[in-house]
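Please look over the structure below before reading on. The report then walks through some of its parts.

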Amino acid sequence: MATIARVPITNIYMGGDYTGLILVGPQQQPMNVILDTGSSALALDGTKYKPNLAGGDKTTDLAQTDSYGDGSSWVGAVIETKLTMGSGGPGVTLQGGNAAIAYTDADDMFGSADGILGLAYAPLDDAFTMPKDTWANQYTGVQVRTGTKGDIAPYLTQLANQGVVSDVISFRTRRSFVHVGGGADDPLNQGIMVIGGGQESTDLYTGTFQNVSVLSDEWYCTNLKSVTVGNGDPILARIDGPKGMPSNSIVDSGTNSLNLGPQMLMALISKFTTEQQALLKKSILEEKLVSVQSLNLASWPTLTFVLQGDSGDVSLQVTPSNYWQVNTEKVGAAMAAITKGEAGLAILGLPLMNGYFTIFNGEADNGRGIIQFATAAG
């Protein structure tokens, strides 16, 4: 029977995005990696992990390069190594796991973390075959893209193929930005990732699950139908996403905001009161902190996102305490967890997930996947 393992996660290293420990290599070196359902590669900071060839790491002729929505990027050599995750019980170990050792990266690529673990699908985990050993030769990003392009199996797929765990990952998160003032062990800055399951973790949710359809097995692509502010009229989403995207929205654990296209964002803001609009514009458009005292969160409406489900529409609510993050950067300050993004695309990040226990099930619907939401417990 496949294993199910829990991984403690925290947002303190990346200022909002969650990270968890993965043990790497023959010596099982702890590496704190960003947990991202919006990408698929496992990349480790090459200044912190060096391949242990004598101990069993194997280099290859494969190289990878990736870039992200915030402009960060890396170039690395793919190795095969031992990878373990899970604590407080049985962990999951992958022998011969694919990992890119990043020898070139943008200055802020990994922040205070040690790498990034992509949890999406194989089409996003592309690699390039090069003439020689890529760790020994360390080709530039331009050179890498001249190689023969193909896909390699991402971490979760490799685990499933080896019968270690199912291709299912689940999250219980609480914040989008770091909560300050609660001390080093503030529970608001901690969470849990479940590898290989979710529905059996009945201590993490209440009630039943709503199933959101996944339209493409690249990102966790979804069909956003509308957004409603309080009891107002729905704001209809564009049917088609931007060129190159298979849908108009994705659900992404590696985004700490509700990232909305300019048209959707301005329509959303217009549904609030005049005073609330001013506070939203100050935070979102001017990127300034606002006073918690000036918010009066009890007076703010709930946002409802309607997405296509497996059997009818699914309505997911984002409360004011999730789209406004209080005690952010300093006690008494707040910031809206809403950002302006690409026209026609909504990236639904942690604010959507924080009120729910969220399961990314990559095995459902013949491998296309579904995303399941149940009300979070505690």
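This is a predicted model: local features need pLDDT of at least 70, side-chain atom pairs count only at pLDDT 80 or more; totals for chains, interfaces and linings use all residues.

Start with strand 3, residues 29–36. Six of its eight residues are buried, so strand 3 is largely enclosed by the rest of the structure. In a regular strand, the side chains alternate between the two faces of the sheet.

Strand 3 pairs with strand 2, which covers residues 17–24. The sense is antiparallel, and there are six bridges. Within this pairing, Pro-30 of strand 3 stands opposite Leu-23. Strand 2 and strand 3 form a hairpin with four residues between the strands. There, Gly-25 takes a positive phi near 85°.

Strand 3 also pairs with strand 8, residues 115–118. This time the sense is parallel, over four bridges. Val-33 has Gly-115 in strand 8 as its bridge partner.

**Aromatic pairs**

A pair of aromatic rings is described by the distance of the centres and the angle of the planes. The count here comes to ten aromatic pairs. Two of them are set out in the table.

| Ring pair | Distance of centres | Angle of planes | Type |
|---|---|---|---|
| Tyr-205 and Phe-209 | 4.5 Å | 55° | tilted |
| Phe-272 and Tyr-323 | 6.3 Å | 70° | edge-to-face |

Why is the pair of Phe-272 and Tyr-323 edge-to-face? Its planes stand at 70°, and the edge-to-face class takes angles over 60 degrees. The planes of Tyr-205 and Phe-209 are at 55°, so that pair is tilted.

Buried means under 20%. Phe-272 and Tyr-323 are both buried.

The pair of Phe-272 and Tyr-323 links distant parts of the chain, 51 residues apart. Phe-272 sits in the loop between helix 4 (262–269) and helix 5 (274–284). Tyr-323 belongs to helix 7, residues 320–323. Ring pairs also join Phe-272 and Tyr-323 with Trp-300 and Trp-324 in a cluster.

Leaving aside neighbours within four places in sequence, Trp-324 is in contact with residues including Leu-279, Val-290, Trp-300 and Met-335.

Conventions:
Residues are numbered from 1 along each chain as its sequence is written. Side-chain values use heavy atoms; hydrogens and water are left out. Buried means under 20% relative accessible area, exposed over 50%, partly exposed in between (1.4 Å probe, protein chains only). Helices (H or I, at least four residues) and strands (E, at least two) are DSSP runs, numbered from the N terminus. Two strands pair if DSSP finds at least two bridges between them. Rings of Phe, Tyr and Trp (its six-membered ring) pair if their centres lie within 6.5 Å; planes under 30 degrees apart count as stacked, over 60 as edge-to-face and the rest as tilted. Contact means heavy atoms within 4.5 Å.
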